[in-house]
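Here are my notes for a reader who is new to this one. Have the sequence and model open while you go through them.

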Amino acid sequence: MKLPDMNEARLRNNQNIDFLYLDKIEYSGLYNGKKYYLRTYGCQMNVHDSEELKYLVESLGFSETKVMKDADLIILNTCAIRENSHDKVFGFLGRCKHLKEKNKDLIICLAGCMPQERSVIDTILEKYRYIDIVIGTHNKHELRSMLIERKSGLNINVLSNSNEVIENINYKHDSKVTAWVNIMYGCDKFCTYCIVPYTRGKQRSRKHEDILKEIDELIDLGYQEITLLGQNVNAYGKDLEGEIEFSQLLEMVSKTNIPRIRFVTSHPWDFTDEMIEVISKNKNIMPYIHLPVQSGSDRILKLMGRRYTKEKYLELFNKIKMKIPNVSITTDIIVGFPNETDEDFKHTLDIVDECKFDGAYTFIYSPRENTPAAKMEDNISLEVKQERLQQLNEKVNEYSLLNNKKYLDKEIDVLILEVNSKDKTKYMGYTETMKVVNVTGDDIKIGQIIKVLILSAKSFSLDGKKVN
Ligand code: 5AD
Ligand code: SF4
């Protein structure tokens, strides 16, 4: 058994990154006819990791089922960012117990960020010993060998940290139109509330040659859009001696001529003028930026370790708005951080008024194991946190609607991703600015970029019809 240690996870060393190029995976029919059920919690990184896990288990003969009780293998790809994601997973695991009692051969696997936390491992050892495989974020590719050499009982294989970048990863992509491309792993920012630097380890950038090779392969497969993925994409390259920086990577990716390029998530600290320049002059880099602000109070930003003030954020925000025409900007905001006063919260409402974000993901602060903020007293009552969240959400939704209304009666480019899941007569696509559009019309094809006339606008989506 390999168990994680959160103190070790905190360590950053100066060791060089090892690039591990995996061998080609040979198909094996070991689990032919067996079914797997996979559930993903959390961020885009996890969604993309699940695409890898799917490839790995399908290379052993498993096929996917959406019905949990039909599965021979259940995989939970978990998130650790807030306590409520833990509660969901433990609740789910509780429900798996009776399936395991009925079917002794059922394999239950816990993957993703939760296993990186020591307290989670301790809970599993105490209460959930019927789980078969626990695997962390750093060595998830070993799930395949663990399934091949299956040992009975609970097997835990979690590394505390990693100096490796793993290459030649295969994915079973969820979409044939748009794909994720990791450009870096981990995070070195250590915002005081955040568990990611512990669960995902130190920042490790991929070599730009390997990223571009992957993108070329996706273009050959017909992909129309890629999203460059990292906890802190615009810190790309800082950890690799002699590597280019993010703005240069963006420029190189732009030259591949793939129709649409996106990137998440940017940290205001690393947002350079060169980036703004490259985004504004290259038409295939989408005018959409997710730029978490977290709070509008300088005092709280300092306690959060965010390394900018409200004024600096606004300066950057306004520069981006000025230089990139029609850009849309979304953000993340936390309410109820330790010691957040009514006045601090008012500053958060004020910055939302000033920025009028296109959208915001809003969260109630959740203390995370071993983070510096968890040592501060969590002294805001749940009632106050919920009130602030509600007040904030009302404001955020107002501005989303206001921004979306600007699209009314305009003809805009929409990349069609799929048939609308609720209404099969409609299609679902995205504008360049990342607005969801429900589209009607004849002869619409998935993967096409079409002109759509916007007929109505809601807070979270637009409706329109194809222009012939
Ligand atoms: N509590 C609440 N929200 C958090 N986030 C990260 N850590 C926490 C936490 N401990 C939010 C931040 C981040 C987003 C991905 O999740 O807003 O940008
Ligand atoms: Fe967490 Fe901050 Fe890193 Fe984002 S930048 S992953 S909030 S530590």
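1. Let's start with ligand 2: the shell around it has seven nonpolar, two polar and two charged residues. Here Ala, Val, Leu, Ile, Met, Phe, Trp, Tyr, Cys and Pro count as nonpolar, Asp, Glu, Lys and Arg as charged, and the others, Gly among them, as polar. Cys187, Cys191 and Cys194 are among the residues surrounding ligand 2, as are Lys189, His267 and Arg306. A residue is near a molecule if one of its heavy atoms lies within 4 Å of it.

2. Before going on, a word on the basis. This is a predicted model, where local features need pLDDT of at least 70 and side-chain atom pairs count only at pLDDT 80 or more, while totals for chains, interfaces and linings use all residues. Residues are numbered from 1 along each chain as its sequence is written, chains are lettered from A and ligands numbered from 1 in the order in which they are written, and side-chain values use heavy atoms, with hydrogens and water left out.

3. Now ligand 1. Its shell splits into six nonpolar, two polar and three charged residues. Among the residues around ligand 1 are Ile81, Asp332, Phe363 and Arg368. Tyr193 is listed around ligand 1 and also around ligand 2. Strands E15 (328–335) and E16 (359–364) each supply at least two residues of the ligand 1 shell; helices (H or I, at least four residues) and strands (E, at least two) are DSSP runs, numbered from the N terminus.

4. Which atoms of Tyr193 and Ser366 face a nitrogen atom of ligand 1? For Tyr193, a backbone N or O atom lies 3.0 Å from a nitrogen atom of the ligand. For Ser366, a polar backbone atom is 2.7 Å from a nitrogen atom of ligand 1. With Arg82, the side chain has an N or O atom 3.1 Å from an oxygen atom of ligand 1. The protein covers 87% of the 400 Å² of accessible area that ligand 1 has on its own (Shrake-Rupley method, 1.4 Å probe).

5. Two backbone details are worth a look. Gln294, another residue around ligand 1, has a positive phi, near 70 degrees, and is found in the loop between strand E14 (288–290) and helix H10 (298–304). Val264 and Thr265 are joined by a cis peptide bond, with omega about -5 degrees. Thr265 is in the loop between strand E13 (260–264) and H9. For context, most residues other than glycine have a negative phi, and most peptide bonds are trans.

6. Finally, the helices. H8 (residues 246–255) and H9 (residues 273–281) pack at about 15 degrees with axes 8 Å apart, the axes being lines fitted to C-alpha atoms over the stretch in contact, with angles running from 0 to 180 degrees between N-to-C directions. H8 and H9 are therefore roughly parallel, a label for angles under 35 degrees. H9 and H11 pack at about 25 degrees, axes 10 Å apart, which makes H9 roughly parallel to H11. H11 (residues 310–323) in turn packs against H12 (residues 342–355) at about 15 degrees, with axes 11 Å apart, so H11 is roughly parallel to H12.

Definitions and conventions: A polar contact is a pair of N or O atoms within 3.5 Å; within protein, one must be able to donate a hydrogen and the other to accept it, and residues adjacent in sequence count only if both atoms are side-chain atoms. Angles under 35 degrees count as roughly parallel, over 145 as roughly antiparallel, 65 to 115 as roughly perpendicular and the rest as oblique.
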